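The sequence and the structure come first.

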Amino acid sequence: SAQDTVQVKTGWNIIGSVNAGAVPDVLSTIPPGIISTAFYGYSPGAGYQSTDTLGKGLGYWVKVNADGIIIFNTSSSDECGVKRVDYGGFSYGTVKLGSQCWLEENLNVGTMVTGVTNQTNNGTLEKYCYNDDPLNCGVYGGLYQWNEAMQYVTTPGAQGICPAGWHIPTLVEFQTLSSTVGGDGNALKKGGQGTVGGAGTNTSGFSALIAGGRSSIDGGFFDLGLNAYFWSSVEIDAAYASYLN
């Protein structure tokens with residue numbers, strides 16, 4: 001792999017990360033061991049927060065105890081964790097967890113319909129935006145009924161609304177994800193999501209947002225900042241499907 005370097009001076013430095021992933025995996029230093037703090041990135045609404053996982057192209061404060069060089073290991077643009085997926089007018093980052101590759105951002109694809117409208121198999125890809133506000137789709141991604149997300153098939157692992165080459169996760173794939181992070185939901189949440197014992201650490205880089213949901217009973221929206229619901233592609237029965245919460 002290629003390398004990119006950043007010169008640092010004793011004390012605090014602000015650097016731009018040229019790679020994404022856990023700190024030990026994406027960088028080293030000359031001389032070794034000069035990094036003396038966590039990396040601190042800025043989260044809107046939450047301020048600066050420490051992180052062990054860096055995002056590509058983002059700025060971070062870090063303190064070093066000697067002058068030196070931070071070396072970023074750069075990889076092929078097709079490698080998970082580096083590559084981006086252009087789809088529906090947006091560019092989505094990726095993150096590698098164990099043997100799995102995930103999009104690290106919620107999909108925001110389709111035409112918005114209001115919460116009181118059921119999504120139907122009408123040839124138009126439809127989405128809900130929390131509180132019927134398009135700005136919420138820009139922040140949290142779209143919300144989808146299971147059939148719409150699956151594009152009206154019931155095959156586990158179906159592509160559904162995903163980009164070509166991607167698919168709606170199976171229940172087993174969600175279970176593998178959970179095992180990879182030791183069952184720690186906070187490790188999957190982006191920093192600034194959740195509070196106290198439920199505060200996200202994003203040590204995985206998964207960057208989950210607590211995007212709430214939409215009621216199938218009255219079309220209302222609920223639980224923004226309290227819960228997130230990620231559909232699997234596996235039915236329980238004609239009325240229910242498995243999901244990650």
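Strand E5 and strand E6 (residues 47–51) run antiparallel and are joined by five bridges. Within this pairing, Tyr 40 has Ser 50 of E6 as its bridge partner. Three residues lie between the two strands of the hairpin, and Gly 45 there has a positive phi near 85°. The model is a predicted one.

A second hairpin is made by E15 and E16. Strand E15 covers residues 211–214 and strand E16 residues 221–224; three bridges pair them in the antiparallel sense. Gly 213 is placed opposite Phe 222 of E16. Here six residues separate the strands, and Gly 219 adopts a positive phi near 75°.

| Strand pair | Bridges | Sense | Residue pair |
|---|---|---|---|
| E5 and E6 | five bridges | antiparallel | Tyr 40 and Ser 50 |
| E11 and E12 | four bridges | antiparallel | Val 95 and Trp 102 |
| E15 and E16 | three bridges | antiparallel | Gly 213 and Phe 222 |

The pair E11 and E12 belongs to an open sheet of three strands, ordered E10-E11-E12, with antiparallel pairing. Its edges are strand E10 (84–87) and strand E12 (100–103), each of which pairs on one side only. On average, neighbouring strands of the sheet are turned by 30° against each other, direction ignored. Strand E11 spans residues 90–97 and is joined to E12 by four bridges. Across that pairing, Val 95 is the bridge partner of Trp 102 in E12. Helix H4, residues 171–180, lies across E11 and E12 and runs at about 100° to E12.

Two loops hold backbone geometry of note. Most residues other than glycine have a negative phi, and most peptide bonds are trans. The peptide bond between Ile 30 and Pro 31 is cis, with omega about -5°. Pro 31 is found in the loop between strand E4 (27–30) and strand E5 (39–43), and E5 is also the strand that pairs with E6. Asp 132, a residue other than glycine, has a positive phi near 55°. Its loop runs between strand E14 (126–127) and helix H2 (134–140).

Turning to charged side chains, the model has two salt bridges. One of them is formed by Asp 67 and Lys 9, with an N to O distance of 3.9 Å. Asp 67 sits in the loop between strand E8 (59–64) and strand E9 (68–74), while Lys 9 sits in the loop between strand E1 (2–8) and strand E2 (11–16), so this contact ties together parts that are 58 residues apart in sequence.

Rolling a probe the size of a water molecule over the atoms shows where empty space is left. How many cavities of 30 Å³ or more are there? The count is one, and the largest cavity has a volume of about 30 Å³. Its lining consists of Tyr 130, Asn 136, Tyr 140, Gly 141, Leu 143, Ala 211 and Leu 224. Five of these lining residues are nonpolar and two are polar, with no charged residue. Ala 211 lies in strand E15 and Leu 224 in strand E16, and both residues line the cavity.

Conventions
Residues numbered from 1 in each chain as written. Predicted model: local features only at pLDDT ≥ 70, side-chain atom pairs only at ≥ 80, totals over all residues. Heavy atoms only, no water. Pairing = 2+ DSSP bridges. Axes fitted to C-alpha atoms, helices over the stretch in contact; angles between N-to-C directions. Contact = heavy atoms within 4.5 Å. 1 Å grid on protein atoms, 1.4 Å probe; cavity = no way out; pocket = protein on both sides within 12 Å on 5 of 7 lines; lining within 4 Å. Points joined across faces, edges and corners; volume = space filled by probe spheres on them. Nonpolar A, V, L, I, M, F, W, Y, C, P; charged D, E, K, R; others polar. Salt bridge = Lys/Arg side-chain N within 4 Å of Asp/Glu carboxyl O.
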